[in-house]
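Biologist: Could you walk me through the labels you put on this model? I would like to hear what stands behind each of them.

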Amino acid sequence: MFDRLTLRIFAIFLITVAFFLAIIVIIPDFDARNLTYLSDQEKQTGIKLAKSIEHDLVKVPKNSFRWWMRFMVVMDNLQPAGQRLYIITPNDQIITSDTSNIDLIRNFSELINKTDTPAKKIYDANDIIGPFAITYNHEIYRLYIMQIASNPQSPFLDLIFDHPFLLLAVTMLASSPFLLWLAWSLAKPARRLKKAAEQVARGNFTQWPELEKFGSSEFKATGASFNHMLRELKRMQDIQQRLLSDISHELRTPLTRLQLAVALSKRKYGETKETERIELEGKKLDVMIGELLLLARQQHTNNESQIPYQINKLCKHLLDNATFEAEQLNKSFTLTSKLPEQWILCYPQALCSALENVIRNAFRYSYHLVEVNFKIINNQLLVTIDDDGHGVAENELTQIFRPFYRTCEARDRESGGTGLGLAIVANAVKQDNGEVYAEKSHLGGLRIVIKLPLYNKQ
């Protein structure tokens, strides 16, 4: 029953409240300044001293001149070392040679004045013990003894016991580690589930058996459902991979035969518009199949390892190739910034292929100018690729990264694109925990922005 999260939280709440109440009620009882009863040894010692004083007071007449001074002489003669004696008369007068602590004696006598149950109380660094009965002139006098406290209480504890809110604050502070431990134990299964979900987001469909073993019954049931989902996702992924493999084989075989038939037709009947059209569409289909399989492999079966790579070394060869290609196309290609020397954690081949894809798209759709810029902002690499082409409509900027999305004829129909290029780019950047988006360029065309987190290679 207590395996349920709701009951566990309710139980923890009740236990915590009960703990606080118990502390508040019980702790004051541990105040050493509280009134405590004497041990048998202390009681016998006090009674013995009272009897000695009573024996000597027999010699003091009640109505003698300044009889109380003779009391003090007797008390001083019998006073043990380290102790001070006080006698309270039946009419509550205090007889003593030490007048500095009369208020303390009076306060203690108000707490306890029965000689059959003597007690002890700490006042600062002193103990007051009593009362012990002394019979004088057929009346009962009370003897109190002040001595240095054998175990004085810390001034800090005195401060806490004298201020209830401070006591509550100290109690809450002392219980904080316990409450933090309880919160941590409740949050631990959620953190484990979050970690598993992050792995799934990265394409790792490995099951997590511990999700079904730890935590409350709700978390265990969630873990079982999560693992069932992973099994189904893995099964669907395998089906998709087999389907793509079969499609590749089944499509490429008739495509090859079609291309062969076109070649034979051209050899037998010569070049015609019909054979040119068939050959062009066949090449488009071949490219589309290749890009589709590349996208599928990126998403599910990336065999490349993610490694730290210095940005300038990663991109230099790529940009040199782009410069050469721009010269062949009679277009202007400009790197408007110096390549950074910082590091990123990436799949080098996939990322370079993505950057090359974006730059080639810029060449394809630009009129004349293409600019690439590298910046480091807020511990991130920011790469922008601008062209001066026709651009993309505002409402299509977020759509062009979807697979098979085709924009207006100005950028897509004339070029014969498959609609998979930017989807492949987005997937490659996402694998490196980056972000890619499109916006209007200052050159008048399209700007592609790629953001990647830097890697601290220490």
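Modeller: Gladly! Let me begin with accessibility: buried means under 20% relative accessible area, exposed over 50%, and partly exposed in between, with a 1.4 Å probe and protein chains only. Keep in mind that this is a predicted model, where local features need pLDDT of at least 70, side-chain atom pairs count only at pLDDT 80 or more, and totals for chains, interfaces and linings use all residues. Residues are numbered from 1 along each chain as its sequence is written, and side-chain values use heavy atoms, with hydrogens and water left out.

Biologist: Why is Glu279 called partly exposed?

Modeller: Glu279 has 29% relative accessibility, and the range for that label lies between 20% and 50%, so Glu279 counts as partly exposed.

Biologist: What makes the pair Lys266 and Glu279 a salt bridge?

Modeller: The term asks for a side-chain nitrogen of Lys or Arg within 4 Å of a carboxyl oxygen of Asp or Glu. For Lys266 and Glu279 the N to O distance is 3.2 Å, so the pair qualifies. Lys266 lies in helix H7 (residues 217–269) and Glu279 in helix H8 (residues 273–300), so the bridge ties together parts 13 residues apart in sequence. Helices here are DSSP runs (H or I, at least four residues), numbered from the N terminus.

Biologist: Which residues are joined with Lys266 into one network?

Modeller: Glu271 and Glu279, through salt bridges that share partners. Glu271 meets Lys266 at 3.3 Å, N to O. Lys266 is partly exposed at 25%, and so is Glu271 at 45%. Elsewhere, Arg447 bridges to Glu439 at 3.5 Å, and the structure holds 12 salt bridges.

Biologist: Why is H2 called oblique to H3?

Modeller: The axes of H2 (residues 40–57) and H3 (residues 67–78) come within 10 Å and cross at roughly 140°. That makes H2 oblique to H3, because under 35 degrees is roughly parallel, over 145 roughly antiparallel, 65 to 115 roughly perpendicular, and the rest oblique.

Biologist: What meets Phe71, Val74 and Leu78 in H3?

Modeller: Leu49, Ser52, Ile53, Asp56 and Leu57 in H2 do, where contact means heavy atoms within 4.5 Å. The residues of this contact divide into six nonpolar, one polar and one charged.

Methods. Axes fitted to C-alpha atoms, helices over the stretch in contact; angles between N-to-C directions. Helix = DSSP H or I, 4+ residues; strand = E, 2+ residues; numbered from the N terminus. Nonpolar A, V, L, I, M, F, W, Y, C, P; charged D, E, K, R; others polar.
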